[in-house]
Amino acid sequence: MANLTDLVNLNLSDCSDKIIAEYIWVGGSGIDLRSKARTVKGPITDVSQLPKWNYDGSSTGQAPGEDSEVILYPQAIFKDPFRRGDNILVMCDCYTPQGEPIPTNKRYNAAKIFSHPDVAAEVPWYGIEQEYTLLQKDVNWPLGWPVGGYPGPQGPYYCSAGADKAFGRDIVDAHYKACIYAGINISGINGEVMPGQWEFQVGPSVGIAAADQVWVARYILERVTEVAGVVLSLDPKPIQGDWNGAGAHTNFSTKSMREPGGYEVIKKAIDKLALRHKEHIAAYGEGNERRLTGRHETADINTFKWGVANRGASIRVGRDTEKEGKGYFEDRRPASNMDPYVVTGMIAETTLLWKN
């Protein structure tokens, strides 16, 4: 008699040419992820082989009940680390039946920015550092913390090892390997300054692919924490007080920045970012004012400053970039709950298209 695990792990390729495609989209809050599965004929090697689909937008806060149909447009495919085999994850964006992007579809505008000839010619690279906090399910308190109490002060937890310092490593490693399996360009992981907080990095990835990959990496992390019985939090300041917040530092370079003389191009780009500081802050995540206080490795939310190797700056330039005269910069302002379509698109727009 087969048990549940046996059935979950059935290899469908032995008996069918059908595969399961898990369609993923961003929900009505702009940060929640939704998904549902459908059966299609496989294997699927290109997103153009997949049909559009629909869902009830009134149940996700994205459409009224009297006209609730929202259409899913497949945009990127990844291998499914949960079902494995030829099964796939499908990142989608959302449209009305008339073909208009719905308000929460931030991918649509980002795609327009990245398809602009002036942006495409610069081959923009992104490396996104996604910080997050793992919470105990029934109490919404960080993993490894005494319920209702606090661990020792920050200091021993960053990049640490040991049962009294690193909490949730099995979840983090499971997510890491699942992302590699899926085909996400995940470049690393580390424990963060606050205990129970971790980070993964995606990139370098080109253009809109970076944002697609961050969203799917978040989805995989939601699924891994679901299995583990732990809650994922992207709150930029989950614990008030003398504890680091959670950000999504976004590293950026263009072809011109990566070539000789690129440091001057970087400085001109930073000058543009300074002029649009308020617009960027407004688009960089909810609750970011609780994180960007000028303490805990942040610049004050109302102040723009940049510096070399300065983790208290809005924009940080690495020592190697300064030394070599070319490279990249890091925008340290985005919150952990930022929309990567918005942030990547806005950085490209400001630095490559905006005329001041």
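Which residues lie nearest the centre of the largest pocket? In this predicted model, local features need pLDDT of at least 70 and side-chain atom pairs count only at pLDDT 80 or more, while totals for chains, interfaces and linings use all residues. Residues are numbered from 1 along each chain as its sequence is written, and side-chain values use heavy atoms, with hydrogens and water left out.

The largest pocket is lined by 21 residues, and Glu131, Glu192, His249, Glu297 and Arg311 are those that lie nearest its centre. Here a pocket is an open set of points, on a 1 Å grid over the protein atoms alone, where a 1.4 Å probe fits, with protein on both sides within 12 Å along at least five of seven lines, and a lining residue has an atom within 4 Å of a point. The lining divides into 3 nonpolar, 8 polar and 10 charged residues, where Asp, Glu, Lys and Arg count as charged, Ala, Val, Leu, Ile, Met, Phe, Trp, Tyr, Cys and Pro as nonpolar, and the others, Gly among them, as polar.

Turning to the aromatic rings, the structure holds 13 aromatic pairs, a pair being two rings of Phe, Tyr or Trp (its six-membered ring) with centres within 6.5 Å; planes under 30 degrees apart count as stacked, over 60 as edge-to-face and the rest as tilted. The rings of Tyr132 and Phe200 have centres 6.1 Å apart and planes at 50°, so this pair is tilted. Tyr132 is buried, at 1% relative accessibility, and Phe200 is likewise buried at 1%, where buried means under 20% relative accessible area with a 1.4 Å probe and protein chains only.

Note on methods
Buried means under 20% relative accessible area, exposed over 50%, partly exposed in between (1.4 Å probe, protein chains only).
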